[in-house]
Amino acid sequence: LVQIINCVLQDPEKGSIRAVILCHTRELSVQTYRECKKLAKRKKFRIKLMTKNLLRNADFSKFPCDVLISTPLRLRLAIKRKKIDLSRCVMMNLVSF
């Protein structure tokens, strides 16, 4: 997580998803989100957790997000529905505990 946060801080491009963290389960996604928020305290970037409501209602092209945390299925659905653009993503990480 520290490496991802450092990578995002070094590349100050705004308005696009620059890192994706994939977790096996929703519970692990929520835990990872909490830990990222703790590590990124007082930093100027946004971390978002892809939830069912967010996937259903949000258009990610208008949604400011630097680090996206998701499960593989939700990310796949967002890509399939063309709600997400990962063309500027520089880092992807799979969390496995």
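Arg18 pairs up with Asp66 in a salt bridge, with 3.0 Å between the closest N and O atoms. Here, a salt bridge is a side-chain nitrogen of Lys or Arg within 4 Å of a carboxyl oxygen of Asp or Glu. The pair ties together distant parts of the chain, 48 residues apart: Arg18 is in the loop between helix H1 (2-10) and strand S1 (19-23), and Asp66 is in the loop between helix H3 (52-57) and strand S3 (67-70). Helices (H or I, at least four residues) and strands (E, at least two) are DSSP runs, numbered from the N terminus. Both Arg18 and Asp66 are buried. On this scale, buried means under 20% relative accessible area, exposed means over 50%, and partly exposed is in between (1.4 Å probe, protein chains only).

A word on where these values come from: this is a predicted model, in which local features need pLDDT of at least 70 and side-chain atom pairs count only at pLDDT 80 or more, while totals for chains, interfaces and linings use all residues. Residues are numbered from 1 along each chain as its sequence is written, and side-chain values use heavy atoms, with hydrogens and water left out.

Searching the whole structure turns up two salt bridges. Besides the Arg18 pair, there is one between the side chains of Glu35 and Lys38, at 3.3 Å from N to O. Glu35 and Lys38 are separated by about one helical turn because they sit three residues apart in helix H2 (residues 26-39). Glu35 is partly exposed, with a relative accessible area of 37%, and Lys38 counts as exposed at 57%.

Arg74, in helix H4 (residues 72-80), tells another story. Arg74 is buried but has no salt bridge, and the nearest side chain of opposite charge, Glu27, is 9.2 Å away. For charges, Lys and Arg count as positive and Asp and Glu as negative; His and the chain ends are not counted. Leaving aside residues up to four places away in sequence, Arg74 touches Arg26, Met50, Thr51, Lys52 and Leu55. Contact here means heavy atoms within 4.5 Å.

On the surface, a patch of positive charge brings together Arg26, Lys52, Arg56, Arg76, Lys80 and Arg81. Patches are made of residues with over 30% relative accessible area and no salt bridge, with like charges joined within 9 Å and nonpolar side chains (Val, Leu, Ile, Met, Phe, Trp, Tyr) within 5 Å. The place of a charge is taken as NZ of Lys, CZ of Arg, CG of Asp or CD of Glu. At least two residues of the positive patch come from each of H3 and H4. Arg56 belongs to helix H3 and is partly exposed at 48% relative accessibility. Lys80 belongs to helix H4 and is exposed at 62%. From Lys80 to Ser70, ten residues apart along the chain, the C-alpha atoms are separated by 15 Å.

There is also a nonpolar patch on the surface, formed by Leu1, Val2 and Leu39, with about 230 Å² of accessible area together. Accessible areas come from the Shrake-Rupley method with a 1.4 Å probe, and for residues only the protein chains shown count as cover. Leu39 is part of helix H2 and, at 41% relative accessibility, is partly exposed.

Lys82 sits in the loop between H4 and strand S4 (91-95). Its phi is near 55 degrees, a positive value in a residue other than glycine. With a relative accessible area of 72%, Lys82 is exposed.

Back inside, Val8 in helix H1 is buried, with a relative accessible area of 4%. Not counting residues up to four places away in sequence, Val8 touches Arg18, Ala19, Phe45, Asp66 and Val67, and that list includes both partners of the Arg18 and Asp66 salt bridge. Val8 and Met91 are 83 residues apart in sequence, yet their C-alpha atoms are 8.9 Å apart in space.

Ile17, in the loop between H1 and S1, is buried too, at 4% relative accessibility. With residues up to four places away in sequence again not counted, Ile17 touches Phe60, Cys65, Asp66, Leu68, Ile84, Leu86, Arg88 and Cys89. Ile17 and Gln3 are 14 residues apart along the chain, and their C-alpha atoms are separated by 16 Å.
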